[in-house]
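Biologist: I have not looked at this one before. Can you walk me through it?

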Amino acid sequence: MINRRRRCRYTLAVILMGIGVFYVAQIVLSSIFDDDNPTDLSEDKLKQNSDGQDVIKGDDVKKSQQQANQDNIKSQDRQDGVNKVHDNGKKSQNLDTRKTINERDTEKEDDKANSPNGNKHHSEGKNQKIDTQDTVTKATKVAPVATTKKAINNIFMKMKMAAKDQIEKKIMQAKNVLDTKLKQNSKKRPSGKERPIFQPTLPQNYKPAAPGESGRAVNIPKEYQQLSEELFQKHHFNQWASDRISVHRTLPDPRPEMCKSQTYPVELQPTSVVIVFYNEAWSTLIRTVHSVLDRSPPDLLHEIILVDDSSLVVGHEDLHQPLEEYVRQLDKVRLHRNPQREGLIRARLRGLEQTSAPIVTFLDAHCEVNIGWLEPLLNRIYQDPTAVVCPEIDSIDLNNFAYKYGPSGVLRGTFNWDLSFKWSIAPTSERIRRTSPIEPMRSPTMAGGLFAIDREYFLKLGTYDKGLEIWGAENMELSFKVWQCGGKLEIIPCSHVGHVFREVQPYDTSVSLHSIANKNYQRVAEVWMDDYKKFFYQRHPYLRHQRFGDVSENLKLRQKLKCRSFQWYLQNVFTDVILPNETVIATGKIRNPVSNMCLDTLGKTSGSFLGLSPCNSQSETMLFAYTSRKEISWNDVCLDASFILAGFNIQLAECHRIGGNQKWLHQKNDIIKHVHGGMCIDRGTTLNPVILPCNGSLTQIWRFDHYTANSDSKLMR
């Protein structure tokens with residue numbers, strides 16, 4: 001606000017200085033063309049004497065010039081008359097003229113003879129005649145200068161009028177800009193009036209014991225188990241349970257106690273909510289819509305835009321005409337259908353095009369917003385339009401739809417070096433920075449599905465990369481872009497939204513969704529990660545020669561927005577990141593030479609067993625890293641030997657970074673020994689390696705594809 005006022009004052013000062021310079025220039029130029037005694041160019045000061053001769057009074061040069069010119073013309077006419085008399089004596093008019101002239105001359109001679117001071121009068125007349133001639137001569141000489149002065153004066157007058165118009169125009173423009181800024185600031189300036197959190201009313205026909213009420217789990221009777229499993233395969237969550245829960249169901253309040261008494265400015269701007277769906281279950285979609293309608297302040301919810309990304313008709317008939325008829329009955333809800341499948345990312349952009357509120361909020365189609373969810377998000381954007389805000393995301397169990405939540409302000413979004421999103425505990429530095437448990441928490445990345453953003457700011461950032469396909473990496477792209485280009489990404493502890501986390505994405509595409517996501521991740525790495533993209537390619541070496549499309553426009557946008565480097569991002573935002581080059585000792589496939597079999601996670605995550613596959617397979621699930629912490633990891637999954645018994649399979653578990661049952665010793669072309677149990681990994685006899693006492697047999701020899709230069713000093717320590 002202060003900076004805007006200073007800029008306006010500076011603009012007005014420059015304009016006033018320009019006016020002063022103009023007038024000084026006029027005075028200087030005028031003095032150049034004036035003589036020693038400046039002349040008055042007004043016409044009313046020039047007078048004529050009784051003898052008909054022009055006399056210069058005061059400094060009136062302009063009038064003298066005009067009168068001298070007239071005398072010149074009269075003398076010339078008189079001389080022309082005499083010449084005509086000599087040339088044409090036959091005309092009486094000319095004879096009379098000559099007679100008149102002679103008589104006039106005779107009278108003058110008589111006056112001279114009869115006058116006692118005749119000689120004096122004669123000399124005075126002579127002198128007077130000479131003076132008249134001098135006056136005419138002088139006037140003739142003054143005429144060009146006076147004419148030049150008049151022309152210059154006219155030019156000055158025109159310049160003055162034009163400059164005056166321009167100055168007045170600039171002043172009005174500056175005033176309008178100032179008025180606009182003041183109006184904008186007056187809108188944002190708190191009025192001192194606060195609004196409490198919107199309190200929803202209980203739904204009609206509310207039954208506290210109904211399935212799923214208060215966020216409780218739905219129990220599935222045995223006779224419906226098979227049907228429940230069949231529906232689970234369709235949507236990858238328990239649709240049978242969801243269908244039995246009211247679309248207006250009540251939820252527990254997971255907010256910190258301090259949030260419940262918060263008030264917010266009445267000037268908060270409204271939002272458009274965009275919900276994209278594709279082949280979604282009716283009950284989860286409609287419950288998402290009603291949770292927004294039921295728990296949002298009416299004046300802050302401008303509209304809900306449902307974007308159907310060309311859902312199939314067969315098997316999803318209820319998403320077509322029945323949905324259209326249902327939406328017609330709902331206030332503020334509009335349905336937009338994509339004529340063809342575009343994928344989640346572009347479908348969101350189609351929804352953005354339909355919005356008209358200053359704030360846009362994106363939700364997935366299987367969410368339930370909780371009490372007081374909206375005001376904290378809009379308030380943070382009201383405070384800072386460059387803040388992109390996410391709610392605390394609670395979990396809706398995909399098996400029974402129980403609403404689960406934990407403490408607020410603990411977890412934030414980060415990533416591993418294959419650019420997969422993960423939740424991490426906030427570092428000590430972030431906990432110290434926050435002075436209150438309900439203060440926004442800075443998050444290096446977002447989960448992607450649930451966030452609110454200022455519409456103009458989103459457009460300024462270029463929205464999403466138009467080259468991203470279907471699904472995947474859009475959350476990383478927007479996270480990096482926001483932070484590196486001057487914004488901030490935050491999680492708001494007072495805003496809670498429940499979300500069904502599916503383990504598998506039910507998207508049917510002509511190519512592998514995994515390969516599409518990899519292409520998307522490549523584009524993000526190439527545009528935003530600078531030299532750090534090498535760590536991404538270490539995790540995905542097969543992508544080095546894969547095409548990822550043209551990113552030149554993205555790079556131009558980054559330059560135009562003057563975005564910071566990825567190094568700045570790591571040093572100032574993701575400060576607890578662990579760089580692979582600082583911890584990695586060996587990378588690649590882990591092969592048993594005698595059998596040519598390699599360790600393989602088989603794409604499984606925590607809670608599964610380690611497997612084996614032929615080493616000639618080209619799979620990213622076989623690419624491990626052995627670190628200075630003595631972990632053998634694949635992404636954020638580590639080899640774990642919780643049960644130290646001979647012949648037991650080796651587990652996959654989330655890396656906990658504290659050693660123990662995940663700590664292994666290894667040497668080039670040698671054994672992999674569990675530190676705590678003292679046993680070694682053996683190839684075994686099946687497709688699952690086992691842990692056995694170390695005996696030096698060939699089935700216990702393992703080798704990584706690559707070892708770092710200083711690996712010898714770190715191995716077996």
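**Walking through the model**

Modeller: This is a predicted model. Over residues 81-142 the pLDDT stays under 50, and there the model has 23 contacts beyond four places in sequence.

Biologist: What is the mean pLDDT of the protein chain?

Modeller: The mean is 81, and 74% of the residues reach 70 or more. Residues 33-65 have pLDDT below 50, with 48 contacts in the model beyond near neighbours in sequence.

Biologist: How should I treat the low parts?

Modeller: Where pLDDT is low, the predicted coordinates should not be read in detail.

Biologist: OK, the overall make-up. How many helices and strands are there?

Modeller: The protein chain has 18 helices and 27 strands. It has 717 residues, of which 44% count as buried. Among contacts with a separation of 6 or more, 74% are between residues 24 or more positions apart.

Biologist: Which residues make the nonpolar surface patch?

Modeller: Val 410, Leu 411, Trp 423 and Ile 425 make a patch of about 340 Å². Trp 423 sits in strand β11, residues 421-425. Trp 423 counts as partly exposed because its relative accessibility is 34%, between the 20% and 50% cut-offs.

Biologist: Switching to aromatics. How many pairs does a search of the whole structure find?

Modeller: The search finds 21 aromatic pairs. In one of them, Phe 362 and Phe 458 have ring centres 6.0 Å apart and planes at 75°, so the pair is edge-to-face.

Biologist: Where do Phe 362 and Phe 458 lie?

Modeller: Phe 362 is in strand β6 (residues 359-363) and Phe 458 is in helix α12 (residues 455-460), so the pair ties together parts 96 residues apart in sequence. Both Phe 362 and Phe 458 are buried.

Biologist: What about Tyr 403 and Tyr 405?

Modeller: Their ring centres are 6.4 Å apart and their planes are at 55°, so that pair is tilted. Tyr 403 is buried at 6% relative accessibility, whereas Tyr 405 is partly exposed at 43%.

Biologist: Which residues do ring pairs link into a cluster?

Modeller: Phe 415, Trp 417, Phe 480, Tyr 532, Phe 535, Phe 566, Tyr 569 and Phe 574. Phe 480 is also one of the buried residues of α13.

Biologist: How many residues of α13 are buried?

Modeller: 11 of its 11 residues, over 474-484. After α13 comes Gly 486, with a positive phi near 100°.

Biologist: Now salt bridges. What is the count?

Modeller: The count comes to 27. Asp 384 bridges to Lys 488, with the closest N and O atoms 2.7 Å apart. That pair links distant parts of the chain: Asp 384 is in the loop between α10 and β8, Lys 488 is in strand β14, and they are 104 residues apart.

Biologist: Is Asp 384 buried or exposed?

Modeller: Asp 384 counts as buried, at 16% relative accessibility. Lys 488 counts as partly exposed, at 21%.

Biologist: Which helix holds both Lys 556 and Glu 553?

Modeller: Helix α16, residues 552-560, where they are 3 residues apart, about one turn of the helix. Lys 556 is exposed at 51% relative accessibility, and Glu 553 is exposed at 52%.

Biologist: Which residues are linked in a network of salt bridges?

Modeller: Glu 430, Arg 433, Glu 439 and Arg 442.

Note on methods. Residues numbered from 1 in each chain as written. Predicted model: local features only at pLDDT ≥ 70, side-chain atom pairs only at ≥ 80, totals over all residues. Heavy atoms only, no water. Patch = residues over 30% accessible without salt bridge, like charges linked within 9 Å, V, L, I, M, F, W, Y side chains within 5 Å. Areas by Shrake-Rupley, 256 points an atom, 1.4 Å probe, with all protein chains shown as cover. Salt bridge = Lys/Arg side-chain N within 4 Å of Asp/Glu carboxyl O. Helix = DSSP H or I, 4+ residues; strand = E, 2+ residues; numbered from the N terminus. Buried < 20%, exposed > 50% of the residue type's maximum accessible area, 1.4 Å probe, protein only. pLDDT = per-residue confidence, 0-100. Contact = heavy atoms within 4.5 Å. Phe/Tyr/Trp six-rings, centres within 6.5 Å; stacked < 30°, edge-to-face > 60°.
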